[in-house]
Amino acid sequence: MKRIIYLAFDHLHRDFGALKQANSADDVIALVESARMTTGRNWHKERLFFLISSARHFAQSLEDEGFTVEYIKAATTINGLEIISDKYKALPIISAEPSSFRQFTALKEYGVSFVENDFFLTPRSLFHSWASEQKSYLMESFYRKQRTRLNILMDGKEPVGGAWNFDKENRLPPPKKYEGPPYLEHQRDEIDREVGAELGHSLATTWATTRTGALAQMKNFFDNHFAEFGPLEDAMTNENWALHHSLLSPYLNNGLLHASEVIQAATNAFHSGKVAIESAEGFIRQIIGWREYVNGMYWFLGPDYRNNNQLEAERRLLPLFTDPNKTQMNCIKETVSDINERAWVHHIPRLMLLSNLALVTGTNPQEFLEWMREVFIDASEWVMVPNVIGMGVYADGGRMMTKPYAAGGAYISRMSNYCKPCKYDPKLRTGESACPFTTLYWDFLDRHKETFAKNHRMSQQVFGLNRLTDLPELKVRAQEVLKGLELGKL
Ligand SMILES: Cc1cc2nc3c(=O)[nH]c(=O)nc-3n(C[C@H](O)[C@H](O)[C@H](O)COP(=O)(O)OP(=O)(O)OC[C@H]3O[C@@H](n4cnc5c(N)ncnc54)[C@H](O)[C@@H]3O)c2cc1C
Ligand code: SF4
């Protein structure tokens with residue numbers, strides 16, 4: 001044997017990273033299940049199950065291919081590597097560049113050498129050169145560059161369909177009584193059962209833990225959901241937990257799928273004429289635009305970015321985030337219950353319900369970030385940090401987004417079916433029946449009016465405060481709402 005190849009649990013692809021050039025005669029494959037990763041925090045069991053079972057299945061597939069695989073449990077990744085290194089007489093260790101600053105430092109200090117992380121479509125250095133030339137880091141500018149550079153949905157130098165973005169055609173509310181095609185169920189095997197038993201977790205069939213299952217999920221999306229992805233992308237309904245979202249983020253993030261495979265399938269489906277440009281462009285933008293942009297920004301903004309708290313938000317995490325019975329807000333109750341069940345909700349509940357609530361209640365960004373990291377199946381440091389700190393709660397003062405995503409109940413009422421059965425009324429901002437979102441939205445704007453008045457994208461909203469004849473009453477109600485939420489009684 002000549003080398004040890006260290007495989008992080010998010011590098012599970014045979015054709016990318018350090019495995020790309022591996023061969024079973026020269027390379028020992030090392031995977032470490034660290035106690036820090038499994039017991040270090042209050043992780044959602046579905047998330048742990050998915051990560052661990054995927055890694056064990058992947059290790060098995062490498063063994064089947066003839067590799068020597070060392071899969072061990074240890075206190076930390078480095079402890080694990082020390083044990084494996086002792087056994088193989090200190091062979092050199094290589095790995096693809098890790099996906100977080102902390103892991104990068106730890107492995108580097110231990111002496112691991114890196115090959116480029118090619119689990120994304122954009123090399124970190126390329127993103128860095130783009131970002132270094134920008135005055136503001138608009139995702140839309142990056143996305144157009146990506147379309148041209150990767151030659152995706154392009155007609156020469158022009159975008160296919162005559163526009164870069166078809167969001168005006170999208171953004172429909174949920175249809176009434178919506179069922180949609182059934183979701184794929186993933187059958188469990190011996191490895192799944194073993195991991196489930198170790199974790200004390202009852203097995204569900206929502207998430208695949210193998211490459212075959214991830215490919216089946218991708219096929220299911222393109223066959224049954226892609227055509228309707230765009231129009232219903234922003235809708236929320238308790239009648240269908242995923243609408244037409246792809247459910248591919250866990251596999252893209254742990255390596256079972258590569259972005260290039262998803263994009264190839266998307267462009268094939270589009271060119272076959274089965275899918276309209278609104279859906280095709282909308283979905284492709286998520287993968288070659290948002291996903292790449294968020295990863296690029298994580299590395300560009302640096303390790304201290306996660307500590308930003310520019311709006312000085314100091315409230316402790318509200319009890320409703322961990323227990324849906326601690327609120328009567330129907331939208332939040334439904335969303336947190338869904339997370340408890342599957343470790344997933346789609347983009348709009350993450351942004352316009354959970355983050356919006358953290359933002360308008362002035363919840364401490366780092367406490368909110370840690371909770372989000374623990375409960376989502378697809379949460380990794382590189383993707384959660386910019387999405388929460390930059391997009392979700394505007395804790396970076398606008399480095400990533402041009403304005404905060406704050407909204408009252410009217411938006412939630414328009415885009416979901418949550419409000420009808422709710423005890424609160426999205427149209428009211430004062431009184432006992434007032435929707436907490438509506439009250440707190442105005443209170444938030446009022447608390448930060450000096451800061452936001454300087455932002456031309458916010459000035460109209462701030463100006464709207466002048467029309468509120470009941471502002472003093474609203475401020476009193478906002479205090480009652482915040483107290484009630486803190487006590488888990490509202
Ligand atoms: C506050 C907040 C936190 C988020 N945390 C995560 C996270 O921890 N992990 C994660 O993968 N995504 C995160 N997202 C992005 C997005 O919500 C999820 O990628 C998406 O809901 C996953 O479901 P899906 O695969 O069905 O996505 P689809 O709606 O089908 O979208 C397709 C793909 O686009 C990519 N994508 C879309 N938007 C983003 C984005 N903003 N950042 C990165 N990738 C994106 C994902 O890979 C996703 O699989 C977050 C968004 C917000 C607002
Ligand atoms: S009324 Fe307000 S709290 Fe109730 S579901 Fe609608 S937005 Fe949520």
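Visitor: Which helix gives the largest share of the shell around ligand 1?
Guide: Helices here are DSSP runs of H or I with at least four residues, numbered from the N terminus. Four of them, α10 (249-254), α12 (277-301), α14 (347-360) and α16 (381-392), each bring at least two residues to that shell. The largest share, six residues, belongs to α12.

Visitor: What should I know about the model and its numbering?
Guide: It's a predicted model, where local features need pLDDT of at least 70 and side-chain atom pairs count only at pLDDT 80 or more, while totals for chains, interfaces and linings use all residues. Residues are numbered from 1 along each chain as its sequence is written, chains are lettered from A and ligands numbered from 1 in the order written, and side-chain values use heavy atoms, leaving out hydrogens and water.

Visitor: How many residues surround ligand 1?
Guide: A residue counts if one of its heavy atoms lies within 4 Å of the ligand. The closest are H245, S246, L247, N253 and D378. By type, the shell divides into 15 nonpolar (Ala, Val, Leu, Ile, Met, Phe, Trp, Tyr, Cys and Pro), three charged (Asp, Glu, Lys and Arg) and nine polar (the others, Gly among them). The number surrounding ligand 1 is 27.

Visitor: How far is the polar side-chain atom of N253 from an oxygen atom of ligand 1?
Guide: Polar contacts here are pairs of N or O atoms within 3.5 Å. W344 has a polar side-chain atom 3.1 Å from a ligand 1 oxygen, and for an N or O atom in the H347 side chain the distance is 3.0 Å. For N253, it's 2.9 Å.

Visitor: How do α11 and α12 run relative to each other?
Guide: Helix α11 (residues 259-271) packs on α12 with the axes 10 Å apart, at an angle of about 165°; axes are lines fitted to C-alpha atoms over the stretch in contact, and angles run from 0 to 180 degrees between N-to-C directions. Angles over 145 degrees count as roughly antiparallel. So α11 and α12 are roughly antiparallel.

Visitor: How many residues around ligand 2 are nonpolar?
Guide: The residues there include M329, C331, Y418 and F437. None in this shell is polar and none is charged. The nonpolar count is ten.

Technical notes:
Polar contact = N/O pair within 3.5 Å; in protein donor to acceptor, adjacent residues only side chain to side chain. Parallel < 35°, antiparallel > 145°, perpendicular 65-115°, else oblique.
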